[in-house]
Amino acid sequence: MTDMKRVLIYGGKTGWIGGLMAELVKKEGLELFLGEARIENRESVAKELDDVKPTHVLMAAGITGRPNIDWCEDNKPATIRTNVIGTLNVADLTNERGIHCTVYATGCIFKY
């Protein structure tokens, strides 16, 4: 397993879990990068991974719904695009590049 040195976090700018992860990474003195790419945009994520060259990716991005989770029920295509396809993009692209990826995911059960 590769030593954790350069960490790229998706969901670390505005997300609660990603923000906590960013604080821990900083505390450990590791190089920290907060993802700029929209995870549903595969090409953008691929470019960011190639530019940053992280040893580890912490994936905590996703739509939680605003003002509450009911938004996700009313906006299923946008929710699926980000929470399912976006997460799969990050997992697949890191796998292709041999980058360790940890996915932090929680949520509700939806009927589709």
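## Terms and model

Contact means heavy atoms within 4.5 Å. Helices (H or I, at least four residues) and strands (E, at least two) are DSSP runs, numbered from the N terminus. Axes are lines fitted to C-alpha atoms, for helices over the stretch in contact; angles run from 0 to 180 degrees between N-to-C directions.

This is a predicted model: local features need pLDDT of at least 70, side-chain atom pairs count only at pLDDT 80 or more, and totals for chains, interfaces and linings use all residues. Residues are numbered from 1 along each chain as its sequence is written, and side-chain values use heavy atoms, with hydrogens and water left out.

## The sheet

Four strands make an open, parallel sheet, ordered β2-β1-β3-β4. β2 (31-34) and β4 (100-103) are the edge strands; each has a single partner, so one side of each lacks a neighbour in the sheet. From one strand to the next, the twist averages 20°.

Pairing requires at least two bridges found by DSSP between two strands. β1 (residues 6-10) and β2 pair in parallel over four bridges. R6 has E31 in β2 as its bridge partner.

## Helix α4

Helix α4 (residues 76-97) lies across β1, β3 (56-59) and β4. It runs at about 170° to β3.

T79 sits in α4. It is buried (under 20% relative accessible area, 1.4 Å probe, protein chains only; exposed is over 50%, partly exposed in between), at 3% relative accessibility. Leaving out residues up to four places away in sequence, T79 touches I63, W71, C72 and V84. V84 also belongs to α4. At 37% relative accessibility, V84 is partly exposed.
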